[in-house]
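Try each task first, then compare your steps with the solution.

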Amino acid sequence: IELNDSILFHSGAAEPSQQAQAIFTEIAGILKNYKNSIQIEGFTDNIPISSGRFPTNWELSSARATAIVKWLAANGVEPERLAAVGYGEFQPIASNDTETGRAQNRRVAVMVAKKPMERPRALLNQLQ
C-alpha cells in the first residue's frame with residue numbers, strides 16, 4: 001500500500017494528520033487479524049529539510065515511518081510484527097526536477113509480507 005505523504009503529514013512534520021490517523025486506524029483493524037510482518041517505509045523528495053528536529057530527509061522519513069508504526073501498535077497490531085525504515089530522498093519513483101515528481105516521491109509505503117514469517121531469535125545463552 002503506497003500513500004502520498006501530503007494526506008498523512010503537514011510539510012516538514014512527522015506527526016500523522018487526522019486523515020492519516022483515520023486511514024491507519026482502518027488499516028490496523030485489518031492487519032491485526034493476521035500474523036504477517038509489516039514494514040512501514042518513509043520516502044521524501046530531494047529538497048533539503050535541515051530543520052532543528054530533522055537535520056536531513058533521512059531523519060524526517062524515519063520519523064514518519066516510526067510514527068505510523070507506533071500508531072498501528074497502539075491500534076492493535078502486534079509490535080513484534082512491525083518495522084520502520086526511512087529512505088530519505090534516495091529511492092525516488094519520479095523525477096525530482098518538477099513539483100509533480102517531487103510530490104510523487106514524498107510517500108509512505110506499507111509493506112506486508114505475503115505469509116507469516118518467524119523471525120530468528122538469538123538465545124540469551126549464546127550472547128553471554
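**Exercise 1. In which helix is Asn-57 found?** Then describe its surroundings.

*Solution.* Please keep in mind throughout that this is a predicted model.

Step 1: Locate the residue. Asn-57 is found in helix α2, which covers residues 57-74.

Step 2: Check its accessibility. Buried means under 20% relative accessible area, and Asn-57, at 5%, counts as buried.

Step 3: Look for a partner of the side chain. The side chain of Asn-57 reaches the backbone oxygen of Ile-47 at 3.0 Å.

Step 4: List the contacts, leaving aside neighbours within four places in sequence. Asn-57 touches Thr-44, Asp-45, Asn-46, Ile-47, Pro-48 and Ile-49, and also Gly-88 and Glu-89.

**Exercise 2. Locate Ser-17 and find which backbone oxygen lies 2.9 Å from a polar atom of its side chain.**

*Solution.* Step 1: Ser-17 sits in the loop between β1 and α1.

Step 1: With a relative accessible area of 13%, Ser-17 is buried.

Step 2: The backbone oxygen in question belongs to Ile-7.

Step 3: Beyond neighbours within four places in sequence, Ser-17 is in contact with Ile-7, Leu-8 and Phe-9.

**Exercise 3. How many salt bridges does a search of the whole structure find?** Pick out some of them and place each in the fold.

*Solution.* Side chains of opposite charge can pair when their charged atoms come close.

Step 1: Count. The search of the whole structure finds nine salt bridges.

Step 2: Start with Arg-107 and Glu-2, whose closest N and O atoms are 3.6 Å apart. This pair links distant parts of the chain, with Arg-107 in strand β4 (residues 107-112) and Glu-2 in strand β1 (residues 2-4), 105 residues apart. Arg-107 is buried at 4% relative accessibility, whereas Glu-2 is partly exposed at 49%.

Step 3: Go on to Asp-5 and Arg-106, which form a salt bridge with closest N and O atoms 4.0 Å apart. Here too, distant parts are linked: Asp-5 is in the loop between β1 and α1, Arg-106 is in the loop between α3 and β4, and 101 residues separate them. Asp-5 counts as buried at 5% relative accessibility, while Arg-106 is partly exposed at 22%.

Step 4: Arg-102 and Glu-99 meet in a salt bridge at 3.5 Å, N to O. Both residues lie in helix α3, three residues apart, about one turn of the helix. Arg-102 is buried, with a relative accessible area of 16%, and Glu-99 is partly exposed at 44%.

Step 5: Join the pairs. Salt bridges that share partners connect Asp-5, Asp-45, Arg-64, Glu-99, Arg-102 and Arg-106 into one network.

**Exercise 4. How many aromatic pairs does the structure hold?** Classify each.

*Solution.* Step 1: Decide what to compare. A pair of aromatic rings is described by the distance of the centres and the angle of the planes.

Step 1: The structure holds two aromatic pairs. The ring centres of Phe-43 and Tyr-87 are 5.2 Å apart and their planes are at 15°, so this pair is stacked. Because Phe-43 lies in strand β2 and Tyr-87 in the loop between β3 and α3, the pair ties together parts 44 residues apart in sequence. Phe-43 is buried at 4%, and Tyr-87 is partly exposed at 22%.

Step 2: For Trp-58 and Phe-90, the ring centres are 4.9 Å apart and the planes are at 45°, so the pair is tilted. Trp-58 lies in helix α2 and Phe-90 in the loop between β3 and α3, so parts 32 residues apart in sequence are tied together.

Step 3: Return to Phe-43. Arg-107 lies over the face of its ring, at 3.8 Å from the ring centre.

**Exercise 5. Which residues of the largest nonpolar core touch the most other members?**

*Solution.* Step 1: The core has 18 residues, and those touching the most other members are Leu-8, Phe-24, Ile-38, Ile-40, Leu-72 and Val-77.

Step 1: Trace the sources. At least two residues come from each of α1, β2, α2 and β4, and α1 gives the largest share, five residues.

Step 2: Zoom in on Val-77. Leaving aside neighbours within four places in sequence, Val-77 is in contact with Ala-28, Leu-31, Lys-32, Ile-38, Leu-72 and Leu-82.

Key:
Residues numbered from 1 in each chain as written. Predicted model: local features only at pLDDT ≥ 70, side-chain atom pairs only at ≥ 80, totals over all residues. Heavy atoms only, no water. Helix = DSSP H or I, 4+ residues; strand = E, 2+ residues; numbered from the N terminus. Buried < 20%, exposed > 50% of the residue type's maximum accessible area, 1.4 Å probe, protein only. Polar contact = N/O pair within 3.5 Å; in protein donor to acceptor, adjacent residues only side chain to side chain. Contact = heavy atoms within 4.5 Å. Salt bridge = Lys/Arg side-chain N within 4 Å of Asp/Glu carboxyl O. Phe/Tyr/Trp six-rings, centres within 6.5 Å; stacked < 30°, edge-to-face > 60°. Lys NZ or Arg CZ within 6 Å of the ring centre and 35° of its normal. Core = buried A, V, L, I, M, F, W, Y, C linked by side-chain atoms within 4.5 Å.
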